[in-house]
Amino acid sequence: MFRNIIFSLILISIYGNAFSQEFKTADLVNSSLFPEQNSIRNTLNLSGIWNFKVDSNNVGEKEGWFSGLENGKPIAVPASWNDQYDELRDYMGIAWYEQNTFIPKVWKGQKIFIRFGSANYAAKVWINGRVLGKHEGGHLPFSFDISDYIHWDNFNTIIVQVENILKPERIPPGAIISEGGFNNYPAGNYDFFPFCGLQRPVWIYSVPQNHITDITVTTKIQTPNAVVEIKIKKEGVAKNGRLLLRGNNHQYEKEFSFQENVAFITVNISDVHLWDTEDPYLYDLSISLTDKKDILDNYSLPVGVRTISVSNNQILLNGKPIFLKGFGKHEDFPVLGKGTSYPVIVKDFSLLKWVGANSFRTSHYPYDEEYFNMADKLGILIIDEIPAVGLYFDKNLDQVNQRKEMCKRQISELINRDKNHPCVMMWSVANEPGLRSSYLKKESTDSVSFNFFKELIVTAKNADKTRPVTLVGAENEPYQWFSLADVVCINRYFGWYSQTGNIAEGARLLSNELDVLHSKFNKPIILTEFGADAYPGMHAEVAEMFTEEYQRDFIKAYLDVLDTKDFVCGAHVWAFADFKTSQGDRRFGGYNWKGVFTRDRKPKMAAYYLKSKWEKN
Ligand code: GCB
């Protein structure tokens, strides 16, 4: 046993290191602060039409494509490349992007960065023929300092090599040949299309030499007052700062000093106006670096004062039980693929409000940062998930460990990005792990997977002590894993994938299992997925699978069960809207039809049912 542990530790360190060397993050800079335009900082959004070239034989680097792309073709950024040209639909390889831009000369003397909202799956970046660095992981931002690389009197050529080869060791994994993969094409081990490319906006931005690099805000309530704790990090020689927090007809001003580039400030707020789903009140926080009367740098962000906690079987928002009504979603829309689209984001929030939802999960990866800004403003709670979907535990421990290191990195990057959003109520470190791995059963005790999730949850808890952490289980998950989570999150499809066609029997099984989970764990339970495919416009007098009636009745039957269990604290219907998948025998036309809205956001019968139910309570 001891020898096994030593052996595993050696494996972890060998493969952990080998992996982190391949994609070292040392050349990346902290991306936690979204680029901000103010009187000191500057931003340049590079969204638009870029030049693009496929490199299916991986010759680009040898042939020096990093200096400029010959015979490229136009491509939109942000957007997935897949639906912009027919021949790119299933292309999961290497492709190159180019953009040429002037950088305003008045920025000279400032520090200048390039920030990618994401690049799916891995990226290597050059500017003016010189390499900046790499990033791996398709849904989180990364930035490089380009101050010393800029041509001030000419175009700057930005080249990005993006690579999206599906591999078992990646997060999420793909191209699995061992132990039953997903049997789909392209072969992601998950149920959504593996869209690729520069799917989020790219920014160039400048900050002064003395600048704020990171801000962490946490809030506590001491009714009727509150405490806001702020940790600020900076770079440069400036020693002092000033903070202004405004809201609810009060204004709090503080001068402070840095010790070794870090400052901790506590603001006591009297007569606090809390943030909650009904009244998402935001204070304005403005932080400056100062030198006597001069302001050297400034960064502002909204602050929602609220607490999230878990007590027995309840989730408490500001100390009061909350029931989550909402969905699992996807970033997915015709032509855009997973590309950021502000109109689609606004539309989705307007539909969430229309249907009476108060929450969603960023299934199964971190979404664009604009979703979080909107959710803060509109009072929608978010379960924020890393792309750990389709995880499995076969005998290849090297790959298991590679996946674990990647998950840990993504948890840290995610929390770093989203920590200041009041809308984020919980971190999710995995969705439906172990699926299709035959040795995992409800009663299994399996040390590899158990320790895997333990490490992920500890990583999340060390990075953020203020929010609960969960992992989302599938029908065959070992219950042992739930002992690690603050909230038990389960996806259930009795009456669809099992008890097929029999909603009543499905609902009965759900009811029984919820009672078992409650008596075993006495933790809050959220039904994070349940639903049925409905082909829009297909009807039957007596509900049958794939009709809108069946979907509506399925959802209703599940919600009726939940109404009888006061220990259940959330219902997220799968899914918000129909979405594109890989091709597979269960995915008619290459779509998952479980949306209660169509892919172009038209309500199905189930949406009207949910509206009538959720608007009432
Ligand atoms: C699940 C997965 C989700 C799928 C869904 C389905 O449990 O978490 O990604 O799309 O089932 O429709 O099969």
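Tutor: Y493 reaches the ligand through an N or O atom of its side chain, which is 3.4 Å from a ligand oxygen atom; a polar contact here is a pair of N or O atoms within 3.5 Å, and within protein one must be able to donate a hydrogen and the other to accept it, while residues adjacent in sequence count only if both atoms are side-chain atoms. For N592, the distance from a side-chain N or O atom to an oxygen atom of the ligand is 2.8 Å. E432 places a polar side-chain atom 2.2 Å from an oxygen atom of the ligand. On its own the ligand has 320 Å² of accessible area, and the protein covers 93% of that (Shrake-Rupley method, 1.4 Å probe; for residues, only the protein chains shown count as cover).

Before going on, please keep in mind that this is a predicted model, where local features need pLDDT of at least 70 and side-chain atom pairs count only at pLDDT 80 or more, while totals for chains, interfaces and linings use all residues. Residues are numbered from 1 along each chain as its sequence is written, and side-chain values use heavy atoms, with hydrogens and water left out.

Now the wider shell. The ligand is surrounded by 13 residues, and the closest are D191, H364, E432, Y497 and K594; a residue is near a molecule if one of its heavy atoms lies within 4 Å of it. Sorted by class, the shell holds five charged, four polar and four nonpolar residues (Ala, Val, Leu, Ile, Met, Phe, Trp, Tyr, Cys and Pro are nonpolar, Asp, Glu, Lys and Arg are charged, and the others, Gly among them, are polar).

On to the backbone. Q499 is not a glycine, yet its phi is positive, near 50 degrees. Q499 sits in the loop between β26 (488-491) and α6 (503-521); helices (H or I, at least four residues) and strands (E, at least two) are DSSP runs numbered from the N terminus. Because its relative accessibility is 28%, Q499 counts as partly exposed (buried is under 20% relative accessible area, exposed over 50%, partly exposed in between, with a 1.4 Å probe and protein chains only). N522, in the loop between α6 and β27 (525-529), also is no glycine and has a positive phi of about 45 degrees.

Finally, there are cis peptide bonds. One joins Y185 and P186, with omega about -10 degrees, and P186 belongs to the loop between β9 (156-163) and β10 (202-207). Another joins T223 and P224, with omega about 0 degrees.
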